[in-house]
Amino acid sequence: MFAGLRLSMRIARREALRYKGRSALSIALLGLPLLGVSIGATAYDTIDLSDEEEAVLYLGDNDAFVESAVPGIALTQYDWNSKWVGYSTEKEVDEETLNEAYSSVHTEADLLAELPAGTQIAPYSFYNDSGVTVTVETPDGIGELGTLGYDLANGVYEAAGWAFLEGAAPGGGEVAVTEAAADYLDLGVGDDLVIEENGASERLAISGIVEIPWNLRGQFAIAPGFDGGANGWLVDLPGEFTYEQSLALNEIGATVWATALVVDPPPPPPDAGMFTDSSIDTAMLTIYALIIVVVVMEVVLLAGPAFAISARRRTREFALMSANGASPAQIRNTVLAGGLLFGLIAAVVAVALGIVLVLVGLPFLEQLFGYRTPGLRVLPTLQAALVAAAIATGLLSALTAALSASRVNVVAALMGRTPGRKGSKRWLFIGLGTVAAGVASGLGGVALWNVPLMALAIVLAQLGLVACTPAILAGTARLGRWLPLAPRMALREAGRNRGSAAPAIAAVLGVVAAGVALSMVVTADQVRMEQNNPHDLRQDSLTLTMYSNAVDESVSPDWNSGLVAVEPLLRRHLTDLELVEIPLYTGWGGCGTGDLPVEDRPECNWELTRPEEHRCSYWDQDLEFAGEEERRKAAEIAREDPNCNEGVNDASLYFDDVPGSSDPTIVSAYTELEGDRLDEALAVLDEGGVLVSDAMAITEAGTVVLERTLTRWDEGSDRAVEVGEPVTLEVPAMVVADHLLAGEELFLSPAAAEQMDLARSGWSRTYLLETSTEVDGSVIEAVRADVRGDVDEGAFWVDLRQTDYSDLFAFYVVLLVTALCSLIALGATAVSTGLIIAEQRQDMTTLGAVGAAPGLRKRFAMWQTVVIALFGAGLGTVAGVLGYTLIRQALNDPLRYEYPFAVLYGWELPWVSIGITLAHSRRRAVRVVRSGRRGFRRGRRWRAG
C-alpha cells in the first residue's frame, strides 16, 4: 500500500513540475479562500485581547484604575477582570442618600488616605467620551475637538503608555493634541491651535503630538486647563497592589480595576453569578459553522474544474498507464495524490502568506480597531485545522476527476478521440432529489436548531444544483435558434459538450454562492443599522438651528433679526439658497402652563393611543419581576399578534421637538412622500389632522386619539406624579412609513398643535435649507467659519447640521466582501475559460478550415465564456440565497425574543456586489480568451491557466 502511495505521490510531483502553469492555477484556486481564512484567523487572534492584556493596554505599568461609585457607602465588588465593574451596596441605603452619593465624587485625599505613602495618582478615564468639546479652526473652517484636562507632565500618564510621537508635555499657554486631531487640523508641533469661544479667539501653541494606545482615532486637545475626560484615577503604588487595598477602597465606595487582581483574581462573592455570563452564544457558533461550510464548498467547487482540466489533458497518459497494467484504483490514486499534494502546498502557502500580510498590515489593523496590540499572533490551533481542511478539500476537489480518469476509454484515448457521453436524465432527477433533500434538511435544522442539518442543507443544495447543470444546459441549448450566430453556437456548444461546461459552471457557482451569502449578511446588517437609527428628516437634509443667548426668559428673541444676520453668511457658500422654518412644538411650557414659574410648571405630555381592538397583548403581561423564560414566551406571543408592531425606536421619554406644518417642503422632508400621496397628506393636515407612523393607532373612522397627561416631580416620593385628569383629543389622521417621525411617531398640523395647546420653544428656531450646492463636511466647516457660532451681536448661537443615517464602517465592509468575491471570481473565470480554450482547439481549427472569419471565432469563444458566467451566476445566486436563508435564521433567532421588536435581518439582495462580480468575471474571461487566441495563432503551446 505504501509503495503504491509513494509511486502516486512521485507521479503527482513530476506532473506538477511538468505543467507548472496548470499546477499553479490549481494551488491558487485552492489557496485563495484558505488565504482569506488564514488572514481572518491571524487578524482575529492578534486583535483579540485577553483580560490581562486589556488591563496592560489601559493601565500600562501602573497598578490600578479607581473609580468613584457611591462615595461614603461601602460596596461589594463582584468582578475584578474587567473595566466594567459590577457591584452592590453592602447595606440597605435610603434612596435619597444613594442619590446624593451618586452625584458626588471622591477627592484625591480620600484615595490617598487608603493607600500607602508614595502613591501617585492622576485623573483618568478609559472612554474619553465626556462630550466636552471646544470649537476650533480647521483647514476648511470651523469644527469641534474633544478636550481632556490631564497634566501630561505627570509620569503616571507616561507609565500608562501615553507616548509623545513629537514634542513634549504642554506648559503654560500650550496644548498637546492626539495624532488624529493633528491630521484633522493639519497642524504640527509649533503651530497654533485657534479656539473660538464666545466670539473671541484664543491661540495655544501645540507642544506635542501624543498617542493614546487604546484610542488611536480619538481627536482630543489635552491640557490641564481643559474640562472633561476623567471619571476616576490612575494609581501607581510604590509596591504591589493587594486585594486588601482594594477592599479598603471598596469600603469608601470606590471600585477597582487592577492588573494584579486580573492575573490572580480573588474568589468572587457568593451572589456574583448575576454579574457573570458563562453561557456560550450558540447562535454565533451556528453562524460561524455555516460560514465555514459555505467557504469549504466554495473551495471544492472552485478547485474541482482545475483538476478536471488536468484530467482531460492527461487522458492519453492515463490510457497508457491502463494499457501497461495499471488498475482503475491506481489511476484514481494518482489523481487523488495530485489533490493531496496541491492541498498541502496551498495550505502552507496560504497560512504563511496570510501571516505575512497581517504582519505587514498590522498598523492599518490597529488603526481600524483603534488600539495597539501586544504583537502578532497566529491562532495555531485554527491554522493547523486549516491545513487539515485544505488537504481534505484538495482530495474532495480531485475526487470527480479521479473517478472520471479511472473510467477512461483506452482505445479511444490512444486514437486521440474523446467520445462524449450521452446525457442521462438520471442526473437531473438525482440533482432535484438532492436539492429537495437539502431544503428538507434546512427546514429540519431550523426547526430543531441542529447545526449539522443546516450545514448538510448547504452542501446538498449546491451539489444538487451542480448535478442538475448538464440537464439545464441541454434544455437551454434549444433556445439558441432565436439568437444571433455567435451566441447560438456558444449555447449549443455548451449543451453538446456538457462534460466540460458543467465543471466550469460549478466553479463560478461556488464563488457566487459564497459571495452572495456573505454579501447578503453584510448588506442586511447595514440596512438593520440604518433602520435602528431614529429617522426624522430625510437623508442628507441640511438644517440650521439658532439658539437664543438671552438670559431673561421673559424677553422674546427677535428671530427675524437673527435670520437676517445669518442668511448672507450662508449664501457665500450655498447657491440658490432657500430657508424654510420648521415649526417644532414642545410640551415644556405648553398646555397652558407657560405663565407659571419654571419650578412650578408641570410637564405636558401627549401620547398617541390605540383603539381597544388594536391593543398589543404584550402590554397586558405582568413582567416586572418575570424571568427570562417568561419574557421569551411573552415575546413569542407578541410575534404572533398583528397588533404588536413596536420597535426599539417607537418610544419617546419626552414630548419635545415635534414637527408641525402644512408646508409641502417640510412635510415631504419628514415623510418622504411625493405626488398624490403628498397631496393626500396635505389635505389631512389642512383639515387639522396629523400624520402618524403607527398604523395601529388609526381608528375605523380614520382618526387618532391623543391623550394628554400633566406630571410634576414629587420630591417626597422621588418620582413623577400626575396632575389632574388625562385629556383626550380626536383628530383626522393618515399613516406614513413606520420607520419615520422618530420616537413621537407624530407630525402635527398647525391647527392640531393649537388644539393641543402646545408651545413653540422659546430658546431655538430650526430652518430647513434647500440649495443646489453639493454639501459635504468641508462646506459645513466653511459655513461655520463664517458664522463662528454667534451672530447678531451675540444674540444667537448658530449650528449647521446635515442628516446622515449611513454607516461608513458597514459600507466599507460591503466593499471589502465585494472585492474579495471579485478577486476569487477572476480565478474561477480563468478556470472556466481555460477549460473552454483547452477543449475548443479542434473546433476552432475546423471553423477556420471551413472559412469562419477570425472575428466570428473570437466572438464564439467570448460568448462561450458569457454562457458559463451567466449559468454559474444564476445557479450560484440561488445557492447563495439558500445559504443565506439558514444564516439569516441563525442571526434572527436571538432577536425574536425581544420586545419592543428589534429589526430583523431582511432579504436585501446585494445587486451591486453581484454586478461587480459578473463584470469582473466577463472582463477576465475576455482577456484570457484573447491571450489564448494569440498563443494559438502564433503556434505556441497554450497551457490552461
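Is the crossing of H16 and H17 left-handed or right-handed? The crossing is left-handed. This is a predicted model.

**The helix pair**

Two packed helices are described by the angle between their axes and the distance between the axes. Take helix H16, residues 425-448, and helix H17, residues 451-476. Their axes come within 7 Å. They cross at roughly 160 degrees. Angles over 145 degrees count as roughly antiparallel, and H16 and H17 are therefore roughly antiparallel to each other. Sorted by class, their contact has 17 nonpolar residues and 8 polar ones, with no charged residues.

**The sheet**

Strands of a sheet pair through backbone hydrogen bonds, either parallel or antiparallel. Here 4 strands form an open sheet, and the pairing is antiparallel. The order is S4-S12-S1-S13. S4 and S13 are the edge strands, so each pairs on one side only. On average, neighbouring strands are turned by 25 degrees against each other, direction ignored.

S4 and S12 run antiparallel and are joined by 5 bridges. Pro-123 stands opposite Trp-233 in S12.

**Helices on the sheet**

| Helix | Strands touched | Angle to S13 |
|---|---|---|
| H8 (residues 243-251) | S1 and S13 | about 155 degrees |

Terms used:
Residues are numbered from 1 along each chain as its sequence is written. This is a predicted model: local features need pLDDT of at least 70, side-chain atom pairs count only at pLDDT 80 or more; totals for chains, interfaces and linings use all residues. Side-chain values use heavy atoms; hydrogens and water are left out. Axes are lines fitted to C-alpha atoms, for helices over the stretch in contact, and angles run from 0 to 180 degrees between N-to-C directions. Helices (H or I, at least four residues) and strands (E, at least two) are DSSP runs, numbered from the N terminus. Angles under 35 degrees count as roughly parallel, over 145 as roughly antiparallel, 65 to 115 as roughly perpendicular and the rest as oblique. A crossing is left-handed if the near helix is turned anticlockwise from the far one by less than a right angle, and right-handed if clockwise. Ala, Val, Leu, Ile, Met, Phe, Trp, Tyr, Cys and Pro count as nonpolar, Asp, Glu, Lys and Arg as charged, and the others, Gly among them, as polar. Two strands pair if DSSP finds at least two bridges between them. Contact means heavy atoms within 4.5 Å.
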